[in-house]
Structure formats: structure tokens, C-alpha cells
Amino acid sequence: MLDLGDAEKEGGRTEVEGQEEQEDSRLMVADGLAEKGPKTVTSDPGQQVSNGFTSGPQATREEGDDAGGSVGTGCGPAGGAGSAGGPRTLVVQQTSLERPRETWSKKVDFLLSVIGYAVDLGNVWRFPYICYQNGGGAFLLPYLLMALFGGVPLFYMELALGQFHHSGCISIWKHVCPIFKGIGFAICIIALYIAFYYNTIMAWALYYLLSSFQSTLPWSTCTNSWNTANCNHYMSTDHNVSWSNSSTSPAEEFYVRQVLQVHRSPGLHQLGSISWQLALCLLFIFTIVFFSIWKGVKTSGKVVWVTATFPYLVLLVLLIRGATLPGAWRGVVFYLKPDWEKLLSTTVWIDAAAQIFFSLGPGFGVLLAFASYNPFHNNCYKDALITSSVNCLTSFLSGFVIFTVLGYMAEMRQQDVDAVAKDAGPSLLFIIYAEAIANMPAATFFSIIFFLMIIMLGLDSTFAGLEGVITAMLDEYPHVLVQRREKLVFGLVCVCYLGALSTLTYGGAFVVKLFEEYATGPAVITVVLLEVIAVSWFYGTKRFCNDVQVMLGFYPGIFWRVCWVAICPCFLMFIIISFLAFPPEVRLFSYHYPPWTTVLGYCIGVSSFVCVPAYMIYCLLVAKGTFKQRLLKSITPEPSTNHHRDVLVTSAL
């Protein structure tokens, strides 16, 4: 619909670009293009229309999102019909019948959401124990290299893609390379797998949090009903207590025998009953998740003001407390002193790559979803550098927080730092760190804030992961789901809760480990490899860089182009081949996973990836014409109509 008159807009700066190319869905009226942005004063006020649009070439482009509202005309200095012989300016906009896309209330909401998503349990829980497993400081070099040449370029690429096309991880592929649309469905399945086990870890933390509201923490004594004869109670003043290989700490028995109750399950072949305590904890977690995301990013963008900032305050408090503990320096030395021989092991490089992707999160669809709610000219390049830097620095900081405590525990037990934790993984937090907290003055206070921090870190990532799926579904099926967002969110949360029931059993910890090893890392890296190939080789790096230039006003540098075209695919291919050639030996506590679980794990990983070739076959079958015509059509992107070029300006005598 075209409306001639005064267009009511908040004010804007315009740009007459003189471009004659326009997309099929735009109306070409004359030789100009107007964009919405902050109002500015032009050198020729006689060419300014009443709504703040100008037709003069002096106007510059600023941030703006999809134009909406009515369209109008402006006149010369005299107003009304204009003075005789004066120029007349006609502003014409195509009015879309589609529902306007939701946007972030503030830029800081977006930044906090991305930081909250990137800075998660992967930094405070997963990074320290993977660093611990791979020899401490030796892990930092491959981690930084993988971040520089793999994680950050892909982080930047996804933010730019989502912001330019304003689409989720499924529908975006019709604008990039339609035959790769299966990547979007694979991402959604991976996100569901993560939701099945990731939130269970928060349920464990909630169990600890509720158990912390006691004057004496239950994992600080050996007099409880779940304790065994091997329980060895010691405090920082008990120097006469000897620690043997058969000894178990009260914190370990609380985690293993009371929270997880894994002693009631012989393994994956017999998981046992569901723990009703953990089931209630997980139900509470998903209730918070539902009411935080059911209304969209405007709601979740406010929640992250608390969940994304509170963990930093807690980390600072715990770092100061850990640095004052006796023996803390031993942990710091182990953390920073690298064992260069470890770099010859492919396991270290595989773990480094998996960690940076698990932490930064390219390939999960979240960055595409979050960026799609940004204004078109938002500086996503700066956002990518800021958020990825904050993420890596937080990982490094959390390493100090954890390793100072490991040094303290090694001093207590008179052992080496690498012998303190028998089982790496969540037990590093739920056993070693919990035990250290129990030995501190004001143990109840530190326990409450620590496990509250763990829950908030996990909630941020859950908000983001589910929002990625929700955005993808809404964009792919808008006519069916846009008006039913609340029902979609409720159904998705129910599916995630039901899918997580296997992780709430007595052998649920074994399921969590299986999902973590096979359902996320390898599958995500494979999806990211296909994604970067589709964008760089099929869509074209030049075309993608031109898109970035249209949005940001500058062309990506040679470093980014080389990473997207060559370095990232080579790194990812090496990691995938290494994983297939040297599959990890999976074990948890004293349970060694039998060979059939490896087959099961690969089936879980392939179940998401199979969407990619399946959709390729489907795409070729439903297309019309010869095989060559079908193939050409399936790799030809559709022009994107979701960006800012809605308003056209013409000057006529």
C-alpha cells in the first residue's frame, strides 16, 4: 500500500545513493534510497521533508532497522504545494503485511545475552577440568590458537549472517545456499540433545543450593546415612589425618551416593529408577526457563541483567578467597606451567577445539537468532570481538578460581595437584570445590553464592539455546507459529523435560557423560564445517563480505577472509578426522563404558547430522527440470528481503 502525505516517523537521516538495482520486492520510484536513522541537519533544508527524510546527498547512513509505518511526501520551503519551480520530494515505502520483527529493547540487552550465552558452565565447569586433564598450562596454547583461527572468525560470521538476513538457523539457508538447509534442522536436534543433559547439571547445583541452607554443610561430615566406612573426614586443622588411595571424602560420597546415587545403577544397561528429588529440581529449573523466554527477547533480555552479571561478582569473591588459601600457589603453577610434550597429542587439540566451540557457541544457531533481532547497521564486528574476548578471559579467570582451590586441596592431602581429582568432569566442582568451600570460614555463605552462580550460568545458556530453536521454528513456519509462541515454548520445554528424564535416574550421570562426549562436540564441529563451506565456497566469500560492507560500511580484512575460506575448514577437518581415528576412552568414576556404548554414542551424533544429506536428497527430488537445472537451483540463494531497503526517495521537478 502506498500512502502520499506526511510520513510520521521519529526522525531520520537519509541517504540518496543513486543506485538503480533493487530487489524484486521493492518499489522503484526514482533514483534514490532513503533509510531510517537518527535525525540530522542537512546543508539544504529546502530538501527536507516533514518526517525528517531528506533528498540531499549530504545525509549519511546510521543504524536502522526494518522500516515500518506510513509513507508520505515532503515539499519545498513554502510547504503545502511548494513554491513555484521548487523541487518536490516523494517518499514511497512498500508496506509489508508481515508482522514486524521483534527487536532488542537496548543494545546492552543483546550484549549481555550473547555474553551470558558464551560465558556459561563451559567456562567455569568444563574449561578447568579439560585444562586439568590436558596438563594445565599446555592446554592454553592450543585453546588460544583455536579461538583465534577458528572460534572468533566463525563467531563473527554467524553474527553477520543473522543480522543481515534477519532469519533463524533454518530459514536463513534459502538466502545462502538452499541445499544446505538441513544444517538448520541438525542444529535444532543438537540443541535438544544439549537441553536433555545440560539442565540436569543445573538440577544438581540446585540440589546443592537447597542443601546449603544449614549451619553445617551435609558434605562436610561422615555421620550421614549415605556415608561408608571409607569416608575420611578432615578439616584444615586436622594435620594428623592420613589420606590413602582407598579414602573417600564426605563431599565425594555426598555427590556420588546422595545426589547422583550412581551406586544403585550398574551402568547404562540398567539405569534404575528416577530420583524424585532431582526431578523436582529440574522441574523448577524449566519453570524458570519457560517464564523467562515465553514472551521473546524483550523478556529474556531483562533477565540476563542479573544472570549474566552476578557470576562475575561471585568469581571475583571466590578468586580473592582462593588466593588467600594455603597452597594456592601450587595450583597456579600447575595451571600456568605448560608441559610441551602434551602438544604432540592430538587429544589436546581435539579437546581445545571442542571447548572453544562449546563455549563460544558457533554452530548452535543461537548467534544467528540473537543477531537477527539487531538493527541492520549494528556493528556486529565490534560485538564479536568484545563478547568473544570476554568469554576467553572469563575462562582464563575461572581457571585461577578453580586451580587455587586445587592447590589448596593438594596441600591438605599432601599430594600432587594432578592427583587431587580422581575423576575430572563435573566432580571437579561438585566434589573438590564443594569440599574446599566446606573447609572455609562462612562455608554456608560461600556455598550459597557459588551454586547460585552455577545455576545462573546454566540458565543463560538454556535461554539462548532454546531461543535459537524457537526463532528457527517461528521464521520457518511463521503463519502457523508466530501467533502461538507461548504454546510453542511450552511444548518445547515439555519435550526437553521428558527427554531429560533418563539423566535423572540413578545411572543418569552415565547418560550425561555419553551425551556430552558424542551428541555435542563432534556433531557441532561437523555442522560448523559444513556451515563455513556453504557460506565461503557456495554463497561466496566476496558476496558475504559485500553484505558485511553494506551493513557496517567496511570490507572484512584479509585475515577474516583467509580464515573463512581456508584456515577454519582445515582446522575443523583435522579435528573430525582425529576424533574418528582416535575415539576417546569414556569412563566415569569406576565405570568404564563398554564397546556397545561407543556405537550408541556415534548413533546419537549421526542422528542430528543425517538431516543434512537427507535434505539435500529431498531438495533435488522436489525441484523441477534436468539434474543440472535442479542442482543449479538448489545452490542459488534467494535475495534477502529482510533488511533495511524499504524506503525509496525521488526528487522530481
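Predicted model: local features only at pLDDT ≥ 70, side-chain atom pairs only at ≥ 80, totals over all residues.
Is K181 buried or exposed? K181 counts as buried, at 14% relative accessibility.

**View 1. K181 pairs up with E476 in a salt bridge.** The closest N and O atoms of the two side chains sit 2.6 Å apart. K181 lies in the loop between α3 (140-165) and α4, while E476 belongs to helix α14 (residues 443-476), so the pair ties together parts that are 295 residues apart in sequence. Like K181, which is buried, E476 is tucked away, with a relative accessible area of 18%. The structure holds seven salt bridges, and the next two views show others.

**View 2. D109 and K302 meet through their side chains in a salt bridge.** Here the N to O distance is 3.3 Å. D109 comes from helix α1 (residues 107-118) and K302 from helix α7 (residues 297-307), so this link joins parts that are 193 residues apart in sequence.

View 3. K513 is buried, with a relative accessible area of 10%.

**View 4. C222 and C231 form the structure's one disulfide.** Their sulfur atoms are 1.9 Å apart, and the link is left-handed, with -70° about the S-S bond. C222 is partly exposed, at 23% relative accessible area, but C231 is buried, at 13%. For contrast, look at C611: this cysteine is in no disulfide, and the nearest cysteine sulfur, that of C188, is 9.0 Å away. C611 also counts as buried, at 17% relative accessibility.

**View 5. Helix α5 (residues 250-260) is mostly covered.** Of its 11 residues, 10 are buried, among them P250, F254, Y255 and L260. What do the buried residues of α5 pack against? Their neighbours are α4 (182-211), α6 (276-293), α13 (427-438) and α17 (508-552). Just after α5 comes Q261, which takes a positive phi of about 60°.

Terms used:
Residues numbered from 1 in each chain as written. Heavy atoms only, no water. Buried < 20%, exposed > 50% of the residue type's maximum accessible area, 1.4 Å probe, protein only. Helix = DSSP H or I, 4+ residues; strand = E, 2+ residues; numbered from the N terminus. Contact = heavy atoms within 4.5 Å. Disulfide = S-S within 2.5 Å. Salt bridge = Lys/Arg side-chain N within 4 Å of Asp/Glu carboxyl O.
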